[in-house]
Amino acid sequence: MQYTSDKEAADALHRAYQDLTSEISKVIVGQEEVVRLVLTAVFCQGHCLLVGVPGLAKTLLIQTIASSLDMSFSRVQFTPDLMPSDILGAETLDKDRNFNFVTGPIFANIILADEINRTPPKTQAALLEAMQEYAVTVAGKRYELPRPFFVLATQNPIEQEGTYPLPEAQLDRFMFNITLGYPSYESELQIVKNTTGALRTTLDKILHANDILAFQQLVRRVPVVDNVVEYAVKLVHKTRPNTEMGSKQASQYLEWGAGPRASQHLIVGAKCNALLNGKYSPDIEDVQAVALPILRHRIVRNFKAEAEGITEEQLIRELL
């Protein structure tokens, strides 16, 4: 749909977000913050990592969001024996002995990488190029992925045999690291009532791929005042231990701080957060609204922090 001005487009994005959340709430009870962050990532061209114990509807949440967006969707169940070609695709010989590339499940708009930490680093790395370059290289040939393209990955935090923690380089590709907690008593009552009957909910398609691409460009065009940019960059610098602008807590409790990608995500995320809330330009509160899931997986605690039971969330909240 064509808009006469960015203001009109911003209003349309605000309405679309409200329509999406009400549609998703037909299936997903509670988890409003998680839905907000995943949709923010969608409009920011970002990828999400959802971390939570089994049974918290991580997979259902992603499938529900995909159902309310009119885009192609693939689910890949990560297992210890999964190979890169199972995700990317492979070259095969046809009857005339010519090589043809058969595309893998990654050639879709939304990829659900289920239990991404269950597969070895070799297969995890198959996603790296796709997440950064929006393309894959197979047998020396580069293949562009469809746009928009998102990887929404789930991870089980409970230490179990046969899991491979994601390396920092791959974690950094995810815009948000979102943790899911247990539902409240009231929410769980509603979940049980909704899921133990015969009623099946069908969702309407709210946005098409072209709408998402247009809104992604709109988010980039949102103006930001200098003091908001300075706040975001200073916040990231505070996480870097033993540096000129590093905070006392960072030097005391962190092994490693966040990189420049965190600063970029903070500003883009703040722009989108402002639009979703009906504002036309972000302020410092919008940066703070996205800071925790952006910084959580980009800082590494040292032994002292672990010994004293200091979490990443506590450190980030102190820096805010």
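Pro105 is placed in the loop between β5 and β6 (110-114). Strands here are DSSP E runs of at least two residues, helices are H or I runs of at least four, and numbering starts at the N terminus. The model is predicted: local features need pLDDT of at least 70, side-chain atom pairs count only at pLDDT 80 or more, and totals for chains, interfaces and linings use all residues. Residues are numbered from 1 along each chain as its sequence is written, and side-chain values use heavy atoms, with hydrogens and water left out.

Pro105 has a relative accessible area of 25% and is therefore partly exposed. Buried means under 20%, exposed over 50%, and partly exposed in between, with a 1.4 Å probe and protein chains only. Neighbours within four places in sequence aside, Pro105 is in contact (heavy atoms within 4.5 Å) with Ser74, Val76, Asp86, Ile87 and Ile111.

Strands β4 (residues 89-93) and β5 (residues 99-103) run antiparallel and are joined by 5 bridges. Pairing requires at least two DSSP bridges between two strands. Gly89 stands opposite Thr103 in β5. The two strands, β4 and β5, form a hairpin with 5 residues between them. In the turn, Arg97 has a positive phi of about 60°.

Ser263 lies in helix α12 (residues 260-276). Its relative accessible area is 11%, so Ser263 is buried. Beyond neighbours within four places in sequence, Ser263 is in contact with Val233 and Val236. UniProt lists residues 250-318 as "domain: ChlI/MoxR AAA lid" in an unreviewed entry. Such annotations may be inferred rather than shown by experiment. Residues 250-318 are 65% helix and 7% strand, and the end C-alpha atoms lie 10 Å apart.

The largest pocket has a volume of about 680 Å³. A pocket is an open set of points on a 1 Å grid over the protein atoms alone, where a 1.4 Å probe fits, with protein on both sides within 12 Å along at least five of seven lines. The volume is the space filled by probe spheres set on the points. The lining (residues with an atom within 4 Å of a point) comprises 25 residues. Gln155, Leu171, Asn177, His297 and Glu312 lie nearest the centre. Elements giving two or more residues to this lining are β1 (48-51), α7 (168-171), β10 (176-179), β13 (300-301) and α15 (312-319). The lining residues divide into 10 nonpolar, 8 polar and 7 charged.

Key. Ala, Val, Leu, Ile, Met, Phe, Trp, Tyr, Cys and Pro count as nonpolar, Asp, Glu, Lys and Arg as charged, and the others, Gly among them, as polar.
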